[in-house]
Amino acid sequence: MTNILASKTALITGAAGGFGKAIARAFLDAGAQVVITDVNEGILQLTHQELSSLGPLHVIAGDLTDREMADRLIQTARDQYGKLDILVNNAGIMDRFDPIGELDMAFWDRVLAVNLTGPARVTQASVQEFLRDDRPTAKGGAILTVGSINGLRGGIAGAAYTTTKHALVGLTRSTAAHYATKGIRSNIIMPGLMETNIRTAYENGVNEEGRALAWKSLGVNPGHVNIDDLSKLVVFACSDQATYLNGAIISTDHGWQAI
Ligand SMILES: NC(=O)c1ccc[n+]([C@@H]2O[C@H](COP(=O)([O-])OP(=O)(O)OC[C@H]3O[C@@H](n4cnc5c(N)ncnc54)[C@H](O)[C@@H]3O)[C@@H](O)[C@H]2O)c1
């Protein structure tokens, strides 16, 4: 994968830690210029210290649910590297396994804002950037969204998280369909369990019945997904070696959802 992203500029959301950081490392290894963003400014700065020797890396802290954040992110990529070629919609938060009948709707609003409206705004701003008339290179770009096995199954998380991950499939395919002839590709990966920090959502407790249902599914999970291995798929999917890949829903879960 050496240099398959040379001269590309990529924006990766939720990249302070977990899967986003692994993606940032893989993009730098592949020769990209990378902008990483996260709401957690302290850890984002540590990540910058850790990765900046690998290649051109710029950080911008902020909350994806802020209305003006998407435009700030695109403008930062343009100011730093002249353009944006790749968006990785990775930031996301888990819910607490609440089924709809027991869900605090304020929490629903928060999960939808982070997991769906935030990515939709950044996708919109990226598409506009990919198509702008005064681009220094040809029009077009690649979007890779991080969905989840919960975008294909109903009982492994609560109603809020499950709904957002299903909806991201719709956003991905709509974008792919509408812009296929304009050089923009949009794909989504559906990971199974990964060893990251996402379980902080449970710090304030969980819905025990919801979690018990999820645990039944866990009993047939063939294995956790290695984030460094999966990052290489993200690199490939966003590269010019995958120009045929558009509107794809890619299961990356050791076959868990197939069971
Ligand atoms: N860990 C898993 O088992 C798993 C499985 C399937 C899919 N996913 C998805 O993978 C993606 C990455 O999650 P992860 O597992 O690395 O978890 P993580 O918690 O380690 O990383 C998520 C990052 O998103 C950031 N973030 C949260 N809210 C934000 C906001 N409002 N604005 C900006 N940044 C924000 C967090 O600070 C964090 O750094 C998510 O979309 C998640 O839904 C995770």
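Is Phe97 buried or exposed? Phe97 is buried, with a relative accessible area of 3%. The close-ups below come from a predicted model.

**Figure 1. Two residues with positive phi, Asn3 and Phe97.** Most residues other than glycine have a negative phi. Phe97 has a phi near 70 degrees, and you'll find this residue in the loop between strand E4 (86-89) and helix H4 (105-130). Asn3 has a phi near 65 degrees and belongs to the segment before strand E1 (9-13). As for how covered they are, Phe97 is buried at 3%, while Asn3 counts as partly exposed because its relative accessibility is 49%.

**Figure 2. Phe27 and its contacts.** Phe27 is found in helix H1 and is buried, with a relative accessible area of 0%. Setting aside neighbours within four places in sequence, Phe27 is in contact with Leu5, Ala10, Ile12, Ala32, Val34, Ile86, Val88, Val234, Val235 and Cys238. Take Val234 as one of these partners: along the chain, Phe27 and Val234 are 207 residues apart, yet 8.7 Å separates their C-alpha atoms.

**Figure 3. The largest nonpolar core, with 39 residues.** In soluble globular proteins, nonpolar side chains tend to be buried together. Here, the members that touch the most other members are Ile12, Phe19, Phe27, Ile36 and Val234. At least two residues of this core come from each of E1, H1, E2, H2, E3, E4, strand E5 (141-146) and helix H7 (227-238). H1 gives the most, with 7 residues. Another core lies apart from this one; it has 19 residues, among them Ile60, Val122, Val127 and Phe130.

**Figure 4. Ile36 and its contacts.** Leaving out neighbours within four places in sequence, Ile36 is in contact with Ile12, Ala15, Ala24, Leu44, Thr47, Leu57, His58, Val59 and Ile60. Two of these partners, Leu44 and Thr47, turn up again in the next view as buried residues of helix H2.

**Figure 5. The buried side of helix H2 (residues 41-51).** Which residues of H2 are buried? They are Leu44, Thr47 and Leu51. These three sit on the same side of H2, because they cover an arc of only 60 degrees around the axis. An α-helix has 3.6 residues a turn, so residues three or four places apart point the same way. The buried residues of H2 pack against H1, E2 and strand E3 (57-61). Look at the face turned away from the buried side and you'll see the exposed residues Leu46 and Gln49.

**Figure 6. The largest pocket, with about 1200 Å³ of space.** Of the 49 residues that line this pocket, Gly92, Ile93, Met94, Asn197 and Ile198 are the closest to its centre. Helix H1 (18-29), strand E2 (33-38), H4, helix H5 (159-179) and helix H6 (208-218) each supply at least two lining residues. Sorted by class, the lining has 25 nonpolar, 17 polar and 7 charged residues.

**Figure 7. The second largest pocket, with about 200 Å³ of space.** This pocket is lined by 16 residues, and the closest to its centre are Lys8, Gly140, Gly141, Gly183 and Asp240. How many of the lining residues are nonpolar, polar and charged? The lining divides into 4 nonpolar, 6 polar and 6 charged residues.

Methods
Residues numbered from 1 in each chain as written. Predicted model: local features only at pLDDT ≥ 70, side-chain atom pairs only at ≥ 80, totals over all residues. Heavy atoms only, no water. Helix = DSSP H or I, 4+ residues; strand = E, 2+ residues; numbered from the N terminus. Buried < 20%, exposed > 50% of the residue type's maximum accessible area, 1.4 Å probe, protein only. 1 Å grid on protein atoms, 1.4 Å probe; cavity = no way out; pocket = protein on both sides within 12 Å on 5 of 7 lines; lining within 4 Å. Points joined across faces, edges and corners; volume = space filled by probe spheres on them. Nonpolar A, V, L, I, M, F, W, Y, C, P; charged D, E, K, R; others polar. Arc of directions from axis to C-beta. Contact = heavy atoms within 4.5 Å. Core = buried A, V, L, I, M, F, W, Y, C linked by side-chain atoms within 4.5 Å.
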